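Dear colleague,

Please find below the sequence and the structure for your review. My findings follow directly after them.

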Amino acid sequence: ITEFLFNDQWLPAPGLLLGVDELETYETQVLTIVPGDTVCFVTDGITDVLATEEEGKATAAPNLCRLFEAGAYAEKLRDDATAVCIEILKLADTMKI
């Protein structure tokens with residue numbers, strides 16, 4: 001994952017891929033989330049396809065997984081394609097991390 005989609009904004013996730021080097025360090029980002037927000041983490045197989053499409057990177061997070069789930073780009077995939085999309089439905093009164 002080299003970037004992720006937060007609602008309709010692509011954000012970079014710089015650094016080496018997770019799991020490649022146990023000594024690698026990563027930057028952290030803090031995002032304020034509210035109910036209705038959606039975050040999608042995608043592999044390059046998906047971003048490669050989106051880069052070739054007219055709507056491509058203009059696709060908002062809530063629609064991204066639905067498009068791939070429906071097979072909208074199946075014939076264009078040339079690499080593995082993995083996406084994890086999380087829609088924030090409700091926030092807990094208190095969160096412990």
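Predicted model: local features only at pLDDT ≥ 70, side-chain atom pairs only at ≥ 80, totals over all residues.

The second largest pocket holds about 210 Å³ of space. A pocket here is an open set of points on a 1 Å grid over the protein atoms alone, where a 1.4 Å probe fits, with protein on both sides within 12 Å along at least five of seven lines; lining residues have an atom within 4 Å of a point. Grid points are joined across faces, edges and corners, and a volume is the space filled by probe spheres set on the points. Phe4, Phe6, Gln29, Leu31, Ile33, Val39, Phe41, Ile86 and Ile88 form the lining of this second pocket. Two or more of these lining residues come from each of β1 (3–6) and β3 (38–42). By class, the lining has eight nonpolar, one polar and no charged residues, where Ala, Val, Leu, Ile, Met, Phe, Trp, Tyr, Cys and Pro count as nonpolar, Asp, Glu, Lys and Arg as charged, and the others, Gly among them, as polar.

In the largest pocket there is about 350 Å³ of space. Its lining consists of 14 residues, and Ile1, Ala13, Pro14, Leu18 and Tyr26 lie nearest the centre. Ten of the lining residues are nonpolar, three polar and one charged.

Residues are numbered from 1 along each chain as its sequence is written, and side-chain values use heavy atoms, with hydrogens and water left out.

The protein chain has a mean pLDDT of 80 (the predictor's confidence in each residue, from 0 to 100), and 90% of its residues reach 70 or more.

The chain comprises two helices and four strands, taken as DSSP runs numbered from the N terminus (helices H or I, at least four residues; strands E, at least two). From the N terminus on, the order is β-β-β-α-α-β. Of the contacts with a separation of 6 or more, 64% join residues 24 or more positions apart; a contact means heavy atoms within 4.5 Å.

Buried residues make up 26% of the 97 residues in the chain, buried meaning under 20% relative accessible area (1.4 Å probe, protein chains only). In α1 (44–52), the buried residues are Gly45, Ile46, Thr47, Val49 and Leu50. These pack against β1, β2 (9–12), β3, α2 and β4 (83–87).

The buried residues of α2 are Ala61, Leu64 and Phe68. They lie on the same side of α2 because they cover an arc of only 40° around the axis, the arc being that of the directions from the helix axis to the C-beta atoms. Their packing partners are β1, β3 and α1. Just after α2, Gly71 takes a positive phi of about 80°.

Two loop residues complete the account. Thr43 is found in the loop between β3 and α1 and is buried, with a relative accessible area of 17%. Not counting residues up to four places away in sequence, Thr43 touches Asp80, Ala81 and Thr82. Asn7 is placed in the loop between β1 and β2, and its phi is near 60°, a positive value in a residue other than glycine.

Yours sincerely

Key:
Buried < 20%, exposed > 50% of the residue type's maximum accessible area, 1.4 Å probe, protein only.
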